[in-house]
Structures are given as structure tokens and as C-alpha cells.
Amino acid sequence: MLHRHAVMHTVQSLQTGAVSTSYWIERKCKRFFGHSCQSNPALQLVSTSQPAEVCCPSMSTELELPFLPDTQLTEVMRLRVQSLQQRGQKRQEGERLLGPNEAVYRLDFSKQTLQFSHWTVRLAQPGHLTITATSQLWTPDLTNLMTRQLLEPAGIFWRAPGDARDAPIQCIEADAYEFGERIAELATVRKVMYFLFGFAEGCSPETVDCSITFIVDG
């Protein structure tokens, strides 16, 4: 009874915590009760309103970073496509060209020791957003983007027609969490990271607002 009371007290006090804390709770619950305490902790990752509250030690703080459009780099990649078309040339083997419904976005890291917390994605209307990250090997001012320099998994988010305006944005939850962790890992060696935003099914840059929140220790 003592163990059961201790675990239930911990669940009640931490159930609004970060995803990593949720997983800790899951392990404790399964150990003592033989089943899960939460139906699906990954649902915290995406919201259409304010970011989910994160319970963390007082020495830790939240850092929310917005994805910003890189109009200059987007234009450079579009010109690359136009140049190939005008000359009747084929792309370099393995090269990743920018699609007509894609744009380049960037994430600037003011801190570099980060722990992924959650996504905040807002879609003003039904549509489909795919976010693909590039690796640290890509130097946009020197080389063309290659397929091997794209990271997996991608973040896939969407709002279906008929969804209520305040309904949570849907996503592939496991991929969204893993994607956030990969970004946090790369932040340790990069101060800026580039992403391809793919817009489909009614989604556009004007209808998207996206940020990612990390926990900063210290």
C-alpha cells in the first residue's frame, strides 16, 4: 500500500509534466500496477492553443523557438530549379530540389544544451504540413542539398476538414517526439538548423504558425 500511495501521489503532481517525465511515470505505473497510467502521453506534443504546461525542477526553464521562413535561401533554391529547367539539364545525382509547394525555414538556437519538451503547431485551416530537417553536413552557401542530408523521421501535422477550430492538430505522434529529440541532439553542435516545410491540401505559409519548446537545464 505504501508503494501504491507514493506512485499515485507522484502521478497526480507530475501528470502535466514534460514527455520525458510522462515516460518516467509510465515505467513506475507498469512496475507497481502492471498497466499504464496514461492513455497516450504523446498527445501533449501538439496543440492549437497555448503550449502545454511543463512541470520541471526550479533550476530548469522553458525555451520556445519559432520556425522562421528563410526567404533568401528559399529563393536561391528556387533559382536552382529554374536554372536547370532553362538549360534543359538534369539535377545532380542525389540532389534534392525544392518543390513548388515547399519553402526553407530556419531554427536559431540561443542555447545549445536542450531537452525536447513539445511542439506547438497552429493551422488556420484544413491542410497538411510536413517538416523535414537537414543534417549538419549541409552548408547552403557552398553546396546543393542532397537527399542523404535529410533527416528521418519528418514531422507530419494536419488538420482535417470538419475539425473544430479548437481541436488539437493531428500528427504521427511517435515520429513527432523522435523528431523533436533529434533536433535537440543537433542543437549541441549547431547554432542554426534548416528545414523544408512542405504545404499541401490547403495548407500554406500564411496559415501556419509553428514552434518547438525545449527544457534548458541550469
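A salt bridge is taken here as a side-chain nitrogen of Lys or Arg within 4 Å of a carboxyl oxygen of Asp or Glu. The structure is a predicted model, in which local features need pLDDT of at least 70 and side-chain atom pairs count only at pLDDT 80 or more, while totals for chains, interfaces and linings use all residues. Residues are numbered from 1 along each chain as its sequence is written, and side-chain values use heavy atoms, with hydrogens and water left out.

The chain holds four helices and nine strands; helices (H or I, at least four residues) and strands (E, at least two) are DSSP runs, numbered from the N terminus. Read from the N terminus, the order of elements is α-α-β-β-α-β-β-β-β-β-α-β-β. Of the 218 residues, 44% count as buried, where buried means under 20% relative accessible area, exposed over 50%, and partly exposed in between (1.4 Å probe, protein chains only). The accessible surface of the chain comes to about 12,200 Å², and 52% of this surface belongs to carbon and sulfur atoms; areas come from the Shrake-Rupley method with a 1.4 Å probe, and for residues only the protein chains shown count as cover. Among contacts (heavy atoms within 4.5 Å) between residues at least 6 apart in sequence, 78% join residues at least 24 apart.

An open sheet is formed by six strands in the order β2-β3-β8-β5-β6-β7, with antiparallel pairing; two strands pair if DSSP finds at least two bridges between them. The edges are β2 (68-69) and β7 (170-171), each of which pairs on one side only. Strand β6 (residues 155-159) is joined to β7 by two bridges in the antiparallel sense, and W158 stands opposite Q170 of β7. Two helices pack on this sheet. Helix α3 (residues 71-87) touches β2, β3 (102-108) and β8 (192-200), and its direction makes about 145 degrees with that of β3. Helix α4 (residues 173-187) touches β3, β5 (127-133), β6, β7 and β8, and its direction makes about 155 degrees with that of β8. For these angles, axes are lines fitted to C-alpha atoms, for helices over the stretch in contact, and values run from 0 to 180 degrees between N-to-C directions.

A further strand pairing involves β4 and β9, which run antiparallel and are joined by nine bridges. Within this pairing, F116 has F214 of β9 as its bridge partner. Strand β4 is mostly covered, as eight of its ten residues are buried.

A search of the whole structure finds 13 aromatic pairs. Rings of Phe, Tyr and Trp (its six-membered ring) pair if their centres lie within 6.5 Å; planes under 30 degrees apart count as stacked, over 60 as edge-to-face and the rest as tilted. F109 and F214 form an edge-to-face pair, with 6.5 Å from centre to centre and 65 degrees between the planes. F109 lies in the loop between β3 and β4 (114-123) and F214 in strand β9 (residues 208-216), so this pair ties together parts that are 105 residues apart in sequence. Both F109 and F214 are buried. Because F179 belongs to helix α4 and F195 to strand β8, the pair ties together parts that are 16 residues apart in sequence. F179 and F195 are likewise buried. Ring pairs also link F67, Y105, F116, W119, F157, Y177, F179, F195, F197 and F199 into a cluster.

The count of salt bridges comes to six. One of them joins D70 and R106, whose closest N and O atoms are 3.4 Å apart. D70 lies in the loop between β2 and α3 and R106 in strand β3, so that distant parts of the chain, 36 residues apart, are linked. D70 is buried, with a relative accessible area of 10%, whereas R106 is partly exposed at 23%. The side chain of R106 also meets that of D108 in a salt bridge (2.8 Å, N to O), and D108 is partly exposed, with a relative accessible area of 33%. Another salt bridge is formed by E185 and R182, with the closest N and O atoms 3.9 Å apart. These two residues both lie in helix α4, three residues apart, about one turn of the helix. R182 counts as partly exposed, at 28% relative accessibility. Salt bridges that share partners join D70, R106 and D108 into one network.
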